[in-house]
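User: I'm new to this structure and would like a guided tour, one question at a time. Where shall we begin?

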Amino acid sequence: MNIYDISKIAGVSIATVSRVINNNPNVSEKNRVKVMAAIEESGYTPNVFARGLGLNTMKTIGVMCADSSDPYLAQAVYYIEQNLRKNNYDSLLSCTGYDHETKKKCMDLLLSKRVDAIILVGSNYVESDDRMNDYIRNAAKSVPVMLINAALNAPNVYSTLCDDFSATYEITERFIKQGKREILYLYNSNSYSAIRKLDGFRSAMKANKLHIDEKLIHFISSHSKSVHEVKQSIKSLCDKGITFDGVIASDDVLAIGAIKYAKETGISVPDNLFIAGYNNFDITEYCDPTLTSVDNKLPSLCTHCVATLMSVFSNDTSIPKQTIFSAEIIERQTTKLNQK
């Protein structure tokens, strides 16, 4: 059963059936009743893709994230889908990994599905080599492209992000004010967000006239989320004679690896070592001691991203191309930042 069969049963043109299915007002009530009766009689279910062609919308948003097992990305996808559903939109999720060519292929695949927009979750989609961002610009020629926690200045591209630079600058400065001078900085990505965080750390150290020891800026295998691997990596630093009195990590899991190392080596936290993470995941409350972390306001980022997209759909020309949220430091048991 298809639209042609319905037109024969109802005794109307195919165009009339299409108008009824797509709720087009340019149909007489008499013909509308005929078509609806034919649909009910036959049990016909209009094909979603065909309806999308008629309405010029699939009511579906493409969502890309690198790794759905990553706590940050998984939570972001959850918040996005919840907000899209509230606005009567469905989503198609593509987990792309981190390879650039794969990202491009996934983008093309979503576009082929006739999605109404694409949301890129996470800062790894914006490359430091700007030529590699052409796949985003090209997609934006067809549909709006929304970036979460990254920024790209291009037509029909909208960015919602946290001020990672200022947040990392602030947590570093608060460590310094409590007498921490040898701060180990841990990171595991060279994404847009990761670079902003590292810049914030370096700037705070420079502003307080402290020497930046490059041995204390430690990259742990790209996208690693293994607490054991982080612990072992920190141990290898200490085995080389590198010492530190504070740890600031670009991700909560990295910071928990530092807690694990401290506990196994008998280092008192926070008495002899401050530790802070980033993202403020639920796990910050579950570890022992509980972890001080930077809350990057992920639920607000996702809610605002979807709200911005709905405004784009309604042709609101006043919406900003970029919105930046301020983070908040949530102090727990791994630091004493408010000590006089």
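User: In which loop is Pro270 found?

Analyst: Two notes before we set off: this is a predicted model, where local features need pLDDT of at least 70, side-chain atom pairs count only at pLDDT 80 or more, and totals for chains, interfaces and linings use all residues. Residues are numbered from 1 along each chain as its sequence is written, and side-chain values use heavy atoms, with hydrogens and water left out. Helices (H or I, at least four residues) and strands (E, at least two) are DSSP runs numbered from the N terminus. With those labels, Pro270 is in the loop between H11 and E9.

User: Which residue does a cis peptide bond join to Pro270?

Analyst: As background, most peptide bonds are trans. The bond into Pro270 is cis, with omega of about 10°. Its other partner is Val269.

User: What is omega for the cis peptide bond between Asp288 and Pro289?

Analyst: Pro289 lies in the loop between helix H12 (283–286) and E10. The cis bond joins Pro289 to Asp288, and its omega is about 0°.

User: Is Lys209 buried or exposed?

Analyst: Lys209 sits in the loop between H9 and E7, and although it is not a glycine, its phi is positive, about 55°. For accessibility, buried means under 20% relative accessible area, exposed over 50% and partly exposed in between (1.4 Å probe, protein chains only). At 76% relative accessible area, Lys209 is therefore exposed.

User: And Asn279, is that residue buried or exposed?

Analyst: Asn279 lies in the loop between E9 and H12. Its phi is also positive, near 115°, in a residue other than glycine. With a relative accessible area of 9%, Asn279 is buried.

User: How many of the residues of E9 are buried?

Analyst: In a regular strand the side chains alternate between the two faces of the sheet. In E9, Phe274, Ala276 and Tyr278 point one way while Ile275 and Gly277 point the other, and all are buried. E9 is thus largely enclosed by the rest of the structure, with a buried count of 5 of the 5.

User: Which strands stand at the edges of the open sheet?

Analyst: The sheet has 6 strands in the order E7-E6-E8-E9-E10-E12, with mixed pairing (two strands pair if DSSP finds at least two bridges between them). The edge strands each have a single partner strand, so one side of each is left without a neighbour in the sheet; they are E7 (217–219) and E12 (328–330).

User: Which residue of E7 is the bridge partner of Leu186?

Analyst: Strand E6 (residues 183–187) and E7 run parallel, joined by 3 bridges. The partner of Leu186 is His218.

User: Which residue in E9 does Val247 stand opposite?

Analyst: E8 and E9 also run parallel, with 3 bridges joining them. Opposite Val247 stands Ile275.

User: How far apart are the C-alpha atoms of Leu254 and Val230?

Analyst: Leu254 lies in helix H11 and is buried, with a relative accessible area of 0%. Along the chain, Leu254 and Val230 are 24 residues apart.

User: Which residues of helix H2 are buried, and how wide an arc do they cover?

Analyst: H2 spans residues 14–21, and its buried residues are Thr16, Val17, Val20 and Ile21. They lie on the same side of H2, because the arc they cover around the axis, taken from the directions from the helix axis to the C-beta atoms, is only 135°.

User: At roughly what angle do H2 and H3 cross, and which residues of H3 make the contact?

Analyst: The axes of H2 and H3 (residues 29–42) come within 10 Å and cross at roughly 85° (axes are lines fitted to C-alpha atoms, for helices over the stretch in contact, and angles run from 0 to 180 degrees between N-to-C directions). The two helices are therefore roughly perpendicular (65 to 115 degrees; under 35 is roughly parallel, over 145 roughly antiparallel, and the rest oblique). H2 contributes Thr16, Val17, Val20 and Ile21, and H3 contributes Asn31, Arg32, Val35, Met36 and Ile39.

Technical notes. Contact = heavy atoms within 4.5 Å.
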